[in-house]
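Good morning, colleagues. Please look at the model on the screen while I take you through one pair of packed elements and then the interface around them.

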Amino acid sequence: MEDLAALGVAIPLVTAALLSGAAVFLPRRAIEIVSIAAAAVTSACCLLLLMDASESPLVYWFGGWVPRDGVAVGIAFVVDPMGAALAAFSGVLVTAALLYSWRFFDAVGALYHSLMLVFLSGIVGLCFSGDLFNMFVFLGVLSVAAFALTGYKIEEAGPLQGAMNFALTNSIGAFLLLWGIALLYGRTGALNLAQMGESLGTRPDALVMAAFALVVAGFFIKAAIVPFHFWLADAFATAPLPVCILLGGVVSELGLYGVARVYWTVFEGPLSSVASELRTILLVAAATTAVVGAVMSFAQHHLQRMLAFSVIAHAGLFLVGLATLTPAGLSGAAVYMLADGLVKASLFMCVGILQHRLGGVDEYHLRGRGRRFVATAALFVVGALALAGLPPFGTYVGKALIEEEAKLLGLAWVTPLFVLVSALTGGALLRAAGRVFMGWGPPIEHADEVSQAEGEEQEAETVAGRERTPAVMFVPALLLGAAAFALPFVPGLLAGSEAAAEAFTDRTAYVEEVLAGEFRRIPAAPAHAGPKSEELVPGFLSVAGALGLAAFTLGSNRLPSRWRRAIWNSAGRIVVGLRNLHSGHPGDYIAWLTFGVALLGGAFGVALR
Amino acid sequence: MNFLPYAVAAYLLVIGLYGIVTSRNLIHMVVCLSVVQSSTYVVLLSIGFRSNATAPIFVDIPVGTRAVDPIVQALTSTDVVIGVTVSALLLALAVQVHKRSRTLDPNSLSSLKG
């Protein structure tokens with residue numbers, strides 16, 4: 001069974017290599033079928049591993065180099081339910097995205113499919129790695145594939161710049177992570193996560209804190225936490241839509257997974273004495289990310305960029321769950337990530353359908369042009385409501401679990417934050433739906449130059465004005481949306497997530513499994529009844545807020561002009577200022593990144609005192 | 001314990017970042033990224049360094065000879081591979097940017113704002 005873990009990485013990687021070599025002999029459909037099959041088999045492997053690991057984690061030592069006398073000498077894959085679930089989820093998304101690409105591109109070479117499979121291979125490797133350096137390597141593998149996929153439309157200016165900003169920022173993130181790894185290796189002489197955690201002891205000092213700051217900064221850049229988030233909006237707004245399905249569902253999740261994995265295996269020992277300070281720092285970062293992402297999302301009219309900023313906003317909300325540093329918070333974040341990833345993928349697919357049929361994705365350009373698309377409209381609106389956390393969607397359950405845990409910790413502001421952020425991100429999409437599918441709201445003749453440039457860029461991707469929506473585009477979107485709805489009703493999912501989070505955060509058990517080979521069965525958590533019914537209030541409040549905000553902006557031309565001017569002078573100015581910070585200039589982004597690392601390091605330094 | 005190599009590594013990191021932030025040319029920016037990356041090579045190799053030690057090739061040296069740490073060298077060479085990939089990709093993108101917009105100055109590229 002453990003061997004499957006290695007296969008999960010090998011199958012997509014080998015298929016990718018073979019496909020890029022054999023591409024000249026194969027017709028396009030054959031390449032597509034092979035790549036979809038490889039992605040599906042990999043997902044099946046990960047699902048099998050998930051089922052097995054839910055009973056007790058699996059450890060696979062490459063080349064049979066098992067630990068000698070409790071010291072790791074080889075390189076290990078450690079499969080626990082949390083990692084396996086993320087890998088399986090990514091596999092499903094890659095399969096769906098490849099299926100979706102079937103009709104999306106007019107011309108696409110085998111390299112596209114190879115890159116998607118390399119990306120998947122990197123994700124599976126990252127999720128299973130029990131070794132910090134290998135996490136860095138797999139992060140590199142998946143990042144390089146993602147850079148190339150983002151810039152796949154290499155003849156256009158937008159994707160080139162998006163890929164450039166993505167690659168520069170994330171490479172620096174990888175180097176910061178490597179700095180942290182080097183410092184940790186210097187201190188512990190180990191790269192195995194369990195071994196590192198054992199060697200660090202329980203006393204925090206400056207070097208451990210510096211290493212932690214560097215590792216966290218490296219992963220936060222991937223997770224797009226403010227002020228490291230600039231690359232994500234640029235990359236997601238310009239990448240081909242099938243790639244966005246994937247990026248939007250997994251990239252920031254992987255960054256947060258990295259932080260969680262490293263915290264609970266390596267740093268928990270030395271840092272548990274400053275856990276409350278750490279929680280405060282992470283919560284501040286999370287809340288800032290959520291608010292900035294949500295406001296920026298609401299200020300967009302390019303649908304892809306709007307969704308990109310809601311990815312950032314929700315990454316902030318996931319980080320709130322993680323920042324509780326408790327198993328229950330982590331479990332809530334995991335459920336939320338899963339449901340949100342499904343909804344986002346479905347929404348990106350709907351945007352892709354609009355692009356396919358109408359040749360553009362700008363809210364103003366498409367005003368009223370989507371009236372005929374009843375099914376897509378319905379799916380888009382339901383997706384927007386699910387994104388806002390409409391009960392009983394999985395997104396609502398995940399959010400409610402995090403809110404409950406935050407209340408137990410005395411963090412009363414978390415619920416209003418979640419309501420605000422969900423209302424803004426959901427409201428932006430509902431507003432866009434009203435405009436595109438119903439033709440509501442005032443037309444804007446001078447949709448500013450930026451969006452026009454973007455709109456024109458995008459039109460080249462597919463020939464505008466297709467007559468039919470292909471089933472391979474609509475059905476995956478429908479299925480993913482339905483999965484997000486059905487998620488909380490899957491028997492044992494909530495209890496399983498809770499048990500997985502308990503196992504994930506249990507460092508002693510992890511060390512015993514990896515270094516001593518003593519496996520404990522993961523105790524089955526008692527059946528979980530789901531969030532308490534009083535959580536329904538904030539749930540419906542966010543949906544009402546989203547509907548209200550959408551109605552307000554669509555009907556804003558009916559307000560007296562004095563009111564409009566007052567709104568513009570207050571909120572509008574702030575939004576414009578915030579938008580101007582997102583300059584698209586890589587130098588600015590790296591300056592923000594440096595500032596963020598300094599801030600994070602400084603905050604951790606203060607926590608240590 | 002000698003702090004000089006760590007000071008050099010930190011210097012490379014900071015000067016590389018400064019170069020990227022102030023760069024007016026995408027090729028120059030990619031080179032600055034390589035400078036940032038060089039800092040990781042220096043820090044890794046200096047962590048594994050031992051004075052009066054030989055290279056870690058254990059074929060023809062007696063058992064127990066002092067050798068520098070081979071693991072950091074393996075890490076460094078992996079890091080070099082990743083660096084080459086990223087640089088190649090970024091340079092290819094820069095060539096494309098120049099083809100399309102006839103400029104390499106990031107200040108005059110503005111298809112992404114707000």
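Predicted model: local features only at pLDDT ≥ 70, side-chain atom pairs only at ≥ 80, totals over all residues.

Helix α23 of chain A, residues 586-608, packs against helix α1 of chain B, residues 4-22, at an angle of about 145°. Their axes lie 7 Å apart, and α23(A) passes α1(B) in a left-handed crossing.

Let me turn to the interface of the two chains. Chain A contributes 48 residues to the contact and chain B contributes 41. The size of an interface is often given as the accessible area lost when the parts come together. Here, the area buried between chain B and chain A is about 3,900 Å², and carbon and sulfur atoms give 78% of that area.

Polar contact, in turn, is found for four residue pairs across the interface, both residues at pLDDT 80 or more.

On the side of chain B that touches chain A, α1, α2 (26-48) and α3 (70-101) each supply at least two residues. The most comes from α3(B), with 15 residues. Sorted by class, this side of chain B holds 27 nonpolar, 10 polar and four charged residues.

Key. Residues numbered from 1 in each chain as written. Chains lettered and ligands numbered in written order. Heavy atoms only, no water. Axes fitted to C-alpha atoms, helices over the stretch in contact; angles between N-to-C directions. Helix = DSSP H or I, 4+ residues; strand = E, 2+ residues; numbered from the N terminus. Left-handed = near helix turned anticlockwise from the far one by under 90°. Contact = heavy atoms within 4.5 Å. Buried area = accessible area lost by both parts, 1.4 Å probe. Polar contact = N/O pair within 3.5 Å; in protein donor to acceptor, adjacent residues only side chain to side chain. Nonpolar A, V, L, I, M, F, W, Y, C, P; charged D, E, K, R; others polar.
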